[in-house]
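Work through the exercises below with the model open. Try each task before reading its solution.

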Amino acid sequence: MIQSSDFIVLARNRSCVYDSCMTDSPIPPNQQLVRGDRWPIVGERHPGDIDSPWSLEICGCVARKLTFSLDEIQAMPQVTRQIDVHCVTRWSKPAMSFTGVRLRDLLHSSEMPIWTDEAQFVSFVARSERNHSTSLPLSEVLELDPIIALQAEGKPLATENGGPMRMVVPGKYFYKSVKWIRRIEFLKEERLGYWESEAGYHNGADPWREERYMAPTLTKQAALRVIESRDFRGQDLRGINAAHRDLANLLASDALLRDADFRSCNLQQANFRDANLSNSKLQRSNLQGANFTGADLEGADLSGADLRGCDIRGASLFGATFFQPDAKEPASLLAIIDRSTQVDLASLDALVDEQKAFVRKAIKA
């Protein structure tokens, strides 16, 4: 059993890391910095059940169930921390200022821990239309010392960023910090959350180890059959490896292709309309005339790809890369873009500054 005293000791061990400003520290592998005044909106923008009063329930393997109103939480002692935010879609925002209530303080209302001997995991559940949730081992919760955030950068949390209250868990990809927190449940056995069970995100979520996605679910034989059909429409093909193949005229509208590998593919005239290609690998692929309208290209690597005649209008491009600034052979990893490449200003504005400048310059040239 993990005692409340363990909570204090473990939290102190990590406080020197997570309570300090880390603006000049390196960011995790394959992440890009977003400028200081931006905070990209990821996922749903509004919570479900907006008419009911806000509250936070503590339940599960606990000695007694607790419920706190939003007013009660706001009246509790608060801390302000500088915490690095790392999104799985490859953008980072170092040293964000969050103000809120330490989860430890919320639970440490007596000398005895609120959780029972059976508790081994903690589930965080959002007040959202899809009941977004995520879970962590209780030992990690104690070590990372998360806060229930009420403010970001000195202002109340905007609704689209999780207001009026959200979890902020240091040291993990940000999908472990659920928006609109409404329930914290102590569990005997692990329960994978929405992002892990539905989206295929890695349950560890360590940005320094690049724990972004679970292993692909398809066998090599099943993946080969799908690839040979050239018809991916509406299928869940997360993590599929189709690198170095001729897939011209591929049909992939509405497909789930997170973390898919299309490196050095011939994808001329491919239809990826409304597909999810977050964190996909498209380096050096031939995408001439491909259709990405409405697609999710967050975190996608398009460096060195031929995008002439490609339609990217309405695509989400947070964290996408069109060139690799640190490449040993930079010329070979510059996306080929000209006036025939169709992209709208709203999509361009989602890019980090140097990527946006590169795309705009290439189109004008």
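**Exercise 1.** Which residues form one aromatic cluster?

*Solution.* This is a predicted model: local features need pLDDT of at least 70, side-chain atom pairs count only at pLDDT 80 or more, and totals for chains, interfaces and linings use all residues. Residues are numbered from 1 along each chain as its sequence is written, and side-chain values use heavy atoms, without hydrogens or water.

Step 1. Rings of Phe, Tyr and Trp (its six-membered ring) pair if their centres lie within 6.5 Å; planes under 30 degrees apart are stacked, over 60 edge-to-face, the rest tilted.

Step 2. A search of the whole structure gives 11 aromatic pairs. Y175 and Y201 make a tilted one, 4.7 Å centre to centre with 50° between the planes. They sit 26 residues apart in the chain. Y194 and W195 pair edge-to-face, at 5.1 Å and 80°.

Step 3. The cluster consists of Y173, Y175, Y194, W195, Y201 and Y213.

**Exercise 2.** Sort residues of α6 into buried and exposed.

*Solution.* Step 1. Buried means under 20% relative accessible area, exposed over 50%, partly exposed in between (1.4 Å probe, protein chains only). Helices (H or I, at least four residues) and strands (E, at least two) are DSSP runs, numbered from the N terminus.

Step 2. A222, A223, V226 and I227 are the buried residues of α6. They fall within an arc of 135° seen down the helix axis, so they line one face; the arc uses directions from the axis to the C-beta atoms.

Step 3. On the other side, K220, Q221, R225 and E228 are exposed.
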